[in-house]
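Hi,

Here is the structure I promised to send over. Have a look at it first, and my notes on what turned up follow below.

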Amino acid sequence: MFGIPNPSRAALEGQVRGLLYMMEEEKHCREVVAQISAIRSAADKAIAYIVAKYLEQCILEVKETGRHTSKVVVEAVQLIIKSE
């Protein structure tokens, strides 16, 4: 439903596999931390995408019922805050 686009998913999966490899090979901590930072950035982008799709769908559903969308917006903002 809120799936991550395939290129983004593949990139995130590749970064995680790369991190696991680096840890198995006992790479320098600077390299490992840089890889973890890249994974965090990709995960943040995935979260933003998923929340945006959630918000879009929920607003459309709420509008169809004639209700106000403010509650849905607050819920989406809370999701973003929790992810930080």
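A term to begin with: I count two residues as being in contact when they have heavy atoms within 4.5 Å of each other. Helices are DSSP runs of H or I with at least four residues, strands are runs of E with at least two, and both are numbered from the N terminus. This is a predicted model, where local features need pLDDT of at least 70 and side-chain atom pairs count only at pLDDT 80 or more, while totals for chains, interfaces and linings use all residues. Residues are numbered from 1 along each chain as its sequence is written, and side-chain values use heavy atoms, with hydrogens and water left out.

On confidence: pLDDT is the predictor's own score for each residue, from 0 to 100. The protein averages 85, and 94% of the residues score at least 70. Among the elements, H1 has the highest mean pLDDT (89) and helix H3 (residues 70–83) the lowest (81).

Now the overall picture. The protein has three helices and zero strands, so the radius of gyration is worth a look: it is 17 Å, well over the 12 Å that the globule rule gives for 84 residues, so the protein is more spread out than a compact globule. (That radius is taken over C-alpha atoms, and the rule is 2.2 Å times the number of residues to the power 0.38.) Along the principal axes, the C-alpha atoms fill a box of roughly 55 × 25 × 10 Å. Of the contacts between residues at least 6 apart in sequence, 46% join residues at least 24 apart.

Helix H1 covers residues 6–24, and its 19 residues reach 27 Å from first C-alpha to last, close to the 27 Å expected at 1.5 Å a residue. (The expected span is 1.5 Å times one less than the number of residues.) Which residues of H1 are buried? They are Leu12, Leu19 and Met22. These cover an arc of only 90° around the axis, which puts them on the same side of H1; the arc is that of the directions from the helix axis to the C-beta atoms. On the other side of H1, Asn6, Pro7, Arg17 and Glu24 are exposed. Helix H2 (29–65) is part of what covers the buried residues of H1.

Leu19 shows this in detail. Its relative accessible area is 12%, and beyond residues up to four places away in sequence, Leu19 touches Val32, Gln35, Ile36 and Ile39. The C-alpha atoms of Leu19 and Ala42, 23 residues apart along the chain, are separated by 13 Å.

Phi of Glu26 is near 55°, a positive value in a residue other than glycine. Is Glu26 buried or exposed? Glu26 is exposed, with a relative accessible area of 71%.

H2 has 37 residues and reaches 53 Å from its first C-alpha to its last, close to the 54 Å expected. Its buried residues include Val32, Gln35, Ile39 and Ala42, and what covers the buried residues of H2 includes both H1 and H3. H2 is followed by Gly66, whose phi is positive, near 85°.

Cheers

Note on methods. Expected span 1.5 Å × (residues − 1). Buried < 20%, exposed > 50% of the residue type's maximum accessible area, 1.4 Å probe, protein only.
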